[in-house]
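Q: Hi! Could you walk me through this model while I have it open?

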Amino acid sequence: DSSSNSSNNKNRECYIDYQTGTIPLILSAPHGGTERPDHLPNRHASQGSLKGDRYTRELTLELADEIEQILNTNNNANINVNSDNCSKHHRRRRRVFRVSNRLHRSKVDVNRGTL
C-alpha cells in the first residue's frame, strides 16, 4: 500500500545534497562522496571504476560558494545574468544549482544504470 511506501522512504537516508539555484549554472560532483554505509552493497570491479574522485565534492561546493560571493557583492550588483525581468532578478540572491553525491563510488556510480 502507498502509506507503507511513503513511510519507508522517510526512513531512508538521503545521500544526495542539492541546492536549487537562481542562475543558469549547475555544478555537480557525482563521484566525490566518502560515505560507505554497511547496509549498501559494494560494487564490483566488473561494474566500472571503484575509485572515488578525491576532493571533487569539496572543490565543487567551494567553487559554488565563490561564484555566489562574486555575483552577490555590491560591486557586481549590475551584472545582467538574466536579461528577462532583470529588475526582479536583482532583488534576490543569486545562487548556483548544486548537486553532490555523498556516497563513495564503491557503493554507487551515478553514471551507470545500475548500482
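**A chat about the fold and its contacts**

A: Happy to! A nonpolar surface patch of about 490 Å² is made by Ile-16, Tyr-18, Ile-26, Val-99 and Val-110. For patches, residues need over 30% relative accessible area and no salt bridge, with like charges joined within 9 Å and nonpolar side chains (Val, Leu, Ile, Met, Phe, Trp, Tyr) within 5 Å. This is a predicted model, where local features need pLDDT of at least 70, side-chain atom pairs count only at pLDDT 80 or more, and totals for chains, interfaces and linings use all residues. Residues are numbered from 1 along each chain as its sequence is written, and side-chain values use heavy atoms, with hydrogens and water left out.

Q: Where is Ile-16 found, and is Ile-16 buried or partly exposed?

A: Ile-16 sits in strand β1. Ile-16 is partly exposed, at a relative accessible area of 35%. The classes are buried under 20%, exposed over 50%, and partly exposed in between, using a 1.4 Å probe and protein chains only.

Q: Let's zoom out. How many helices and strands does the protein chain have?

A: Three helices and three strands, running α-β-β-α-α-β from the N terminus on. Both are DSSP runs numbered from the N terminus: helices are H or I with at least four residues, strands are E with at least two.

Q: And in which sense do the strands pair?

A: β1 and β3 pair in the antiparallel sense over four bridges, while β2 and β3 pair in the parallel sense, also over four bridges. Pairing here requires DSSP to find at least two bridges between two strands.

Q: Which residues in β3 are the bridge partners of Asp-17 and Ile-26?

A: Asp-17 has Ser-100 as its bridge partner in β3. For Ile-26, the partner in β3 is Phe-97.

Q: Switching to charges: how many salt bridges turn up in the whole structure?

A: Eight. A salt bridge means a side-chain nitrogen of Lys or Arg within 4 Å of a carboxyl oxygen of Asp or Glu. One of them joins Arg-57 and Asp-17, at 2.3 Å from N to O. Arg-57 lies in helix α2 (residues 56-71) and Asp-17 in strand β1 (residues 16-19), so this pair ties together parts that are 40 residues apart in sequence.

Q: How accessible are Arg-57 and Asp-17?

A: Arg-57 counts as buried at 17% relative accessibility, and Asp-17 counts as partly exposed at 29%. There is a network here too: salt bridges link Asp-17, Glu-35, Arg-57 and Arg-102.

Q: What else does Arg-57 touch?

A: Not counting residues up to four places away in sequence, Arg-57 touches Asp-17, Ala-29, Gly-32, Gly-33, Ser-100, Asn-101 and Arg-102. Contact means heavy atoms within 4.5 Å.

Q: Gly-33 is on that list. Where is Gly-33 found?

A: Gly-33 is in the loop between β2 and α2, and counts as buried at 4% relative accessibility. Leaving out residues up to four places away, Gly-33 touches Arg-57, Asn-101, Arg-102, Leu-103 and His-104. Gly-33 and Tyr-55 are 22 residues apart in sequence and 8.5 Å apart in space, C-alpha to C-alpha.

Q: Back to charges. Which residue forms a salt bridge with Asp-109?

A: That is Arg-43, with the closest N and O atoms 3.9 Å apart. Asp-109 lies in the segment after β3 (97-101) and Arg-43 in the loop between β2 (26-29) and α2, so the pair ties together parts that are 66 residues apart in sequence. Asp-109 is buried, at a relative accessible area of 1%, and Arg-43 counts as buried at 6%.

Q: And what about Arg-98 and Asp-65?

A: Their side chains meet in a salt bridge of 2.7 Å, N to O. The pair links distant parts of the chain, with Arg-98 in strand β3 and Asp-65 in helix α2, 33 residues apart. Arg-98 is buried at 11%, whereas Asp-65 counts as partly exposed at 42%.

Q: Last topic, the inside. Which residues make up the largest nonpolar core?

A: Five residues: Ile-23, Leu-27, Ala-64, Leu-71 and Val-96. Such a core is a set of buried Ala, Val, Leu, Ile, Met, Phe, Trp, Tyr and Cys residues joined through side-chain atoms within 4.5 Å. Leaving aside neighbours within four places in sequence, Val-96 contacts residues including Gln-19, Leu-25 and Ile-67.

Technical notes: Accessible areas come from the Shrake-Rupley method with a 1.4 Å probe; for residues, only the protein chains shown count as cover.
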